[in-house]
Amino acid sequence: MDLSIVILHHNAPEEVGRNLAALERAVLPEKTEVIVIDNGGKNGNEKIETRASKKFDLKFFEIQNRGYPHGNNVGLKLARGAFLCILNPDIVV
């Protein structure tokens with residue numbers, strides 16, 4: 001895996017959906033994974049509009065909210081990429 005992108009959110013499915021759509025249009029390394037983590041939300045990942053991606057490997061996780069740093073650390077531990085990116089859900093690449 002070349003690049004791992006971690007997107008941590010708390011009940012922000014619309015923002016994450018826009019973020020993923022922008023990543024579909026972005027120039028990314030061939031082997032990219034996107035890890036979306038719902039940080040203590042209420043099934044926020046289920047509400048994200050997304051389609052299967054041909055550009056990256058997309059994974060969803062739900063964790064108990066123990067704060068922003070903890071949530072990102074969980075994502076980074078799951079990441080397999082040589083390069084890591086923490087991307088907030090309200091950022092459009």
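Gly 75 lies in helix H2, which spans residues 68-78. Helices here are DSSP runs of H or I with at least four residues, strands are runs of E with at least two, and both are numbered from the N terminus. The structure is a predicted model, in which local features need pLDDT of at least 70, side-chain atom pairs count only at pLDDT 80 or more, and totals for chains, interfaces and linings use all residues. Residues are numbered from 1 along each chain as its sequence is written, and side-chain values use heavy atoms, with hydrogens and water left out.

Gly 75 is buried, because its relative accessible area is 0%. Buried means under 20% relative accessible area, exposed means over 50%, and partly exposed lies in between (1.4 Å probe, protein chains only). Residues up to four places away in sequence set aside, Gly 75 touches Val 6, Ile 35 and Ile 37. Contact means heavy atoms within 4.5 Å. The C-alpha atoms of Gly 75 and Val 34 are 9.7 Å apart in space, while 41 residues separate the pair in sequence.

Helix H2 also holds Asn 72. Asn 72 has a relative accessible area of 4%, so it is buried. Its contacts, apart from neighbours within four places in sequence, are Val 6, Leu 8 and Ile 86.

Glu 24 belongs to helix H1, residues 13-25. Its relative accessibility is 30%, so Glu 24 counts as partly exposed. Glu 24 touches Ser 53, Lys 54, Lys 55 and Phe 56, residues up to four places away in sequence not being counted. With Ser 53, the side chain of Glu 24 makes a polar contact of 2.4 Å. A polar contact is a pair of N or O atoms within 3.5 Å; within protein, one must be able to donate a hydrogen and the other to accept it, and residues adjacent in sequence count only if both atoms are side-chain atoms. Lys 55 is 31 residues from Glu 24 along the chain, yet their C-alpha atoms are separated by 6.4 Å.

Two loop residues were also examined. Asn 11 sits in the loop between strand E1 (3-9) and H1. Its phi is near 55 degrees, a positive value in a residue other than glycine. Asn 11 counts as partly exposed because its relative accessibility is 37%. Asn 43 is found in the loop between strand E2 (32-39) and strand E3 (57-63). Phi of Asn 43 is also positive, near 55 degrees, and this residue too is not glycine. At 38% relative accessibility, Asn 43 is partly exposed.

Along the sequence, their pattern is β-α-β-β-α-β. The radius of gyration is 12 Å, close to the 12 Å that the globule rule gives for 93 residues, so the protein is as compact as a globular protein of that length. This radius is taken over C-alpha atoms, and the rule is 2.2 Å times the number of residues to the power 0.38. Along the principal axes, the C-alpha atoms fill a box of roughly 30 × 25 × 20 Å. Of the 93 residues, 41% count as buried. Among contacts between residues at least 6 apart in sequence, 77% join residues at least 24 apart.
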